[in-house]
Amino acid sequence: MKDGHEWLWVDTCCIDKQSSSELSEAINSMYRWYQDAQVCYAYLNDVDGLAFPTSQDKSTFDNSNGWPEWFVRGWTLQELIAPKQVEFFNKDWVSIGNKRHLAPILEHITGIPREVLTGGLAAKRLSVAQVMSWAANRKTKRVEDRAYSLMGLFGVNMPMLYGEGKKAFQRLQLEIIRTSSDHSIFAWDSRVLRTGDVLAEDPSDFWDGGRIRKVESDEFGDKLVEYIEENSLGYPWTIRCTPWKISTNPIHWCTLAWLRRCARAHSQQLRTFTVSNAGIQVCLPVIPLPDSPSHFKAILACAYRSNLVAIDLVFSGSRCNRTPNSDTHTILKTYPEFKTLYLAHHQVVCREFTLDDKHTSHYGFARRGTYPREFASDTVTLSSLTDDLIVIVYANNDARFAVGLGYYLGQGWVHIVFDERSQTREEDWTRFAKYAHSRMWNARAEHAQRMPKQECDDKRRNDHFIKHAHLPRSIWAARVVWGRWEVDNFNIMVDVEQCPGCCDGPSAWTTTPNDFGDLVMPGLMETVSRSYFLRLDRWPARFDRCSGQQIELGDYGDYSNGILTRAGNIFEDMRALGIDTKNSAYRPVASCVSGSKKLADSAENQAVTHHTTEHTRLVLRQPKGFSLPANEHLVLQLKVLSTHLTGNCLVISIIQCSDFSEYDKNGKRGDSECDSAPSSRSRLVDAAISTPLYGIARPQVWKGESPCVQRREKFKSIREQFYALMRMVSSLVTLAVCPQY
C-alpha cells in the first residue's frame with residue numbers, strides 16, 4: 001500500500017455477519033485489534049472541506065449535533081481511543097488531520113480527556129461513569145450494540161445475543177461489577193424518572209458522569225466526614241467563625257472519629273461486590289429519609305467534583321430498589337450507618353394493562369389523547385424500570401377528566417383527575433394532560449399504597465374495585481373499575497355515568513365481588529343466587545328455586561331471601577324503545593346442563609343438583625340451560641336501562657326441563673307441581689316445559705353510587721334559605737305596588 005502497510009482490515013466488510021461465531025469473536029476482539037494496529041483511518045463522509053471542523057455547525061451537520069456523524073456513532077468510540085494513531089480523511093479521501101494534533105478539539109467534541117486520546121486508557125485514572133459518559137450521546141443501529149461496542153473499553157467479554165434488547169447493557173454492567181470495585185457505576189442520573197433496578201438502562205443515563213471520579217477506600221473516611229459536615233448531619237454544636245462553622249460538641253468529634261475507623265474497617269467490603277440472584281451485595285453508609293422508614297440515601301465511594309455522590313434507595317422485600325433522588329433538605333440529620341445491602345438488578349418487570357373504555361362514548365365522551373407517550377390500542381405495557389405512568393384524557397362538550405395508569409415498586413395503580421375549569425377546549429388537552437400527569441406523578445407512592453387488594457381467600461372469587469369521581473359543573477361522573485384477572489396483568493374499565501347527585505369525589509375505592517371462572521356474563525356482575533350448583537357447557541353456575549314464580553330470562557326486580565319480586569323484563573323494555581329483540585345479538589345462549597363433578601348423574605338426560613344447605617336434591621329430566629348473551633350489544637343496553645333500573649337484580653340464566661323431582665335427605669320424593677307451570681310470557685318453550693331454576697345477578701352498571709348525606713343536607717338547607725329569600729322579596733314587591741290610602 002501507499003503507506004507501506006501489508007494488511008488492511010475494515011470492520012464493515014471483513015466480518016462474516018452470517019456466522020454467529022465469527023461475529024462474536026470479532027466484536028470481543030475488536031478493541032484489541034485496534035489497539036495493536038499501526039494506524040487507523042477514519043473516513044468522514046460528510047466533511048467537504050480540506051480542514052477538520054473546529055467549530056460546531058448545526059446547519060451542515062444537523063443530524064449529529066453540529067459535528068461530523070462519525071462522532072455520534074457508537075462503534076467509532078473504540079476506534080478513536082484504542083489505536084495509537086488515527087488519521088482523519090474527508091469525503092474525497094484527503095487527509096485533514098490526526099488524533100494527536102487534533103486532541104484539543106477532539107476533547108471538546110467527545111468529552112474524552114486529551115491524555116486518553118494521546119496515551120490511551122492507562123494514561124489517566126478513570127471511573128466507570130466517566131467512560132460511560134463518552135458513549136451517552138452516541139447511537140447504534142441495533143440496541144444491543146450500545147453495550148457490545150463498550151466491552152473493549154472496560155476489558156470485559158460476553159456472548160452476543162442479538163434480540164435481547166436493553167438486557168445487553170444490563171449484562172455489560174454486571175460483567176463490569178464482577179471485575180471492578182468502582183461505585184460510580186451506580187452514580188447514573190436518568191433524565192426519565194424511574195424506580196427499580198439499580199443498574200442504568202442505557203449509556204445515556206451517564207450523561208453527566210464526566211466529572212465523577214472514583215474514591216479509593218483509604219480516602220473514603222475523610223470524604224465521608226466532609227460529606228457529614230457539608231450536610232450538617234448529626235447534632236454538632238457550632239460557633240460561627242466567618243466564613244466557617246466550628247463544632248464545639250465533643251460527642252460530634254468522637255462520632256466522626258468512629259466513622260473514620262468504620263470506613264477503614266469496612267474498606268475491604270467497600271471494594272467487594274458480590275453478584276447473585278439475591279442482588280448485588282455491597283456495604284454502604286446509609287441515612288434514613290423522613291418520607292418512609294424504608295426509604296434512605298446510600299453514600300457511594302465516588303465523588304462529583306469534590307463531593308461524595310449519594311443515591312436514593314427503597315427497600316422492596318429483602319432487596320433495595322433505586323428511586324429518584326429526593327432533595328437534600330429532606331435528609332434526616334442523623335449520622336450515616338454502615339449496612340450490607342442487596343441491590344436489585346436485572347429486574348425488567350413489565351405489566352400489561354388492558355383498557356376497556358368503549359362505553360364512554362354513550363354520553364359523548366371520547367379519548368382525546370395520551371401522555372407522555374401515545375398508544376391507540378386497548379393494551380399498554382408499563383415497565384418497572386421507568387416507574388411508569390401514562391395518562392389518558394377523555395372529554396365531551398361539558399366536562400373533561402384524565403385516567404392515570406401507573407406502575408410503582410411492583411404495584412399497579414389507577415387514579416382519576418378531573419378538569420376544574422368551567423370550559424373545555426379540545427386544542428389544549430395536552431396542557432391538561434401534563435397537569436394531570438404531574439399531579440399523579442408527585443403522589444404516585446400514595447396512589448400505589450391506597451390501591452385495594454383482594455382479601456378473600458376463596459380462589460373462585462376475583463373482587464373488582466370501583467372508584468367514582470363526580471365531574472364538577474356537570475351531571476356526569478367518571479367510573480373506573482379495576483380488576484386483576486390474571487396473575488400479573490391488569491384489567492381496567494373506564495365508564496361515564498349520570499351522577500346520582502350530591503356525591504363527593506373522587507371517592508374511595510369500593511369493592512364488588514365477582515366469581516372467577518363462572519358462567520360468562522354480559523358485563524361485570526355479582527352473582528347473588530347460591531342455592532343450587534350446576535354446569536352449563538361445563539361452566540359453573542349457581543341458581544335459585546322458582547318456587548311457583550313464573551320467571552323468565554331477562555326479568556329484573558328486587559331480590560331478597562332467595563325470592564325475586566319481579567318489576568319488569570329487559571327485553572320488554574327494549575321493545576318499548578323500538579329495539580328489535582329478535583336480532584341475533586340478543587338471542588339467548590342455549591347450553592347443555594350437567595350436575596356437579598362430584599355427583600354422578602342418575603341416568604342419561606338427567607342432571608342432579610343438591611341444595612347447598614337444606615340437604616335436598618333436584619333431579620332434572622332433559623334439562624336445558626339458557627343464559628343472556630355476553631356481547632357488547634347487550635352490555636350497552638344494560639347501560640342504557642341503568643338510569644331507571646338502579647339497584648335492581650337481573651335474571652341472567654334459567655334451567656328448563658321436561659320434568660323434575662325433589663327428594664329430601666331420606667330419599668323421599670316431594671311435591672314439585674307448583675314449579676311445573678310454564679310462564680305465559682315464555683319466548684323459549686311450550687306449555688310442556690317447566691322452569692324450576694333461575695340464576696340471578698346484580699349488574700355493576702345498575703349499582704348506584706351512594707349520595708353524600710352531609711352535602712345533601714347542606715343543599716337542602718341552601719334551597720330552604722333561597723326559597724325563604726324569594727318569598728321575602730315577593731312580599732316586598734307586593735307592598736311596593738299596593739295603593740296608598
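In this predicted model, the charged end of Arg-444 sits over the ring of Trp-441, 4.1 Å from the ring centre. Trp-188 also carries a charge over its ring: the charged end of Arg-322 lies 4.1 Å from the centre.

**Aromatic pairs**

Aromatic pairs number 19 in the structure. Two of them are set out below.

| Pair | Centre distance | Plane angle | Geometry |
|---|---|---|---|
| Trp-70 and Phe-71 | 5.2 Å | 80° | edge-to-face |
| Tyr-363 and Trp-476 | 4.8 Å | 40° | tilted |

The pair of Tyr-363 and Trp-476 links distant parts of the chain, 113 residues apart. Tyr-363 lies in the loop between strand 13 (350–356) and strand 14. Trp-476 belongs to strand 20 (residues 476–483). Tyr-363 has 15% relative accessibility, so it counts as buried. Trp-476 is buried too, with a relative accessible area of 9%. Both residues belong to one aromatic cluster, together with Phe-365, Tyr-394 and Phe-401. Trp-70 and Phe-71 are likewise buried.

Asp-145 is part of helix 6 (residues 145–148). It is buried, yet it has no salt bridge. Which side chain of opposite charge is nearest to Asp-145? That is Arg-142, 5.8 Å away. Leaving aside residues up to four places away in sequence, Asp-145 touches Trp-75, Thr-140 and Tyr-162.

**Backbone exceptions**

Most residues other than glycine have a negative phi, and most peptide bonds are trans.

Pro-372 sits in the loop between strand 14 (366–371) and strand 15 (379–383).

Is Arg-538 buried or exposed? Its relative accessibility is 72%, so it counts as exposed.

**The whole chain**

The protein chain has 16 helices and 35 strands. Of its 741 residues, 50% are buried. Among contacts with a separation of 6 or more, 64% join residues 24 or more positions apart. The chain exposes about 37300 Å², and carbon and sulfur atoms supply 50% of that area.

Terms used
Residues numbered from 1 in each chain as written. Predicted model: local features only at pLDDT ≥ 70, side-chain atom pairs only at ≥ 80, totals over all residues. Heavy atoms only, no water. Helix = DSSP H or I, 4+ residues; strand = E, 2+ residues; numbered from the N terminus. Buried < 20%, exposed > 50% of the residue type's maximum accessible area, 1.4 Å probe, protein only. Contact = heavy atoms within 4.5 Å. Areas by Shrake-Rupley, 256 points an atom, 1.4 Å probe, with all protein chains shown as cover. Lys, Arg positive; Asp, Glu negative; His and termini not counted. Salt bridge = Lys/Arg side-chain N within 4 Å of Asp/Glu carboxyl O. Phe/Tyr/Trp six-rings, centres within 6.5 Å; stacked < 30°, edge-to-face > 60°. Lys NZ or Arg CZ within 6 Å of the ring centre and 35° of its normal.
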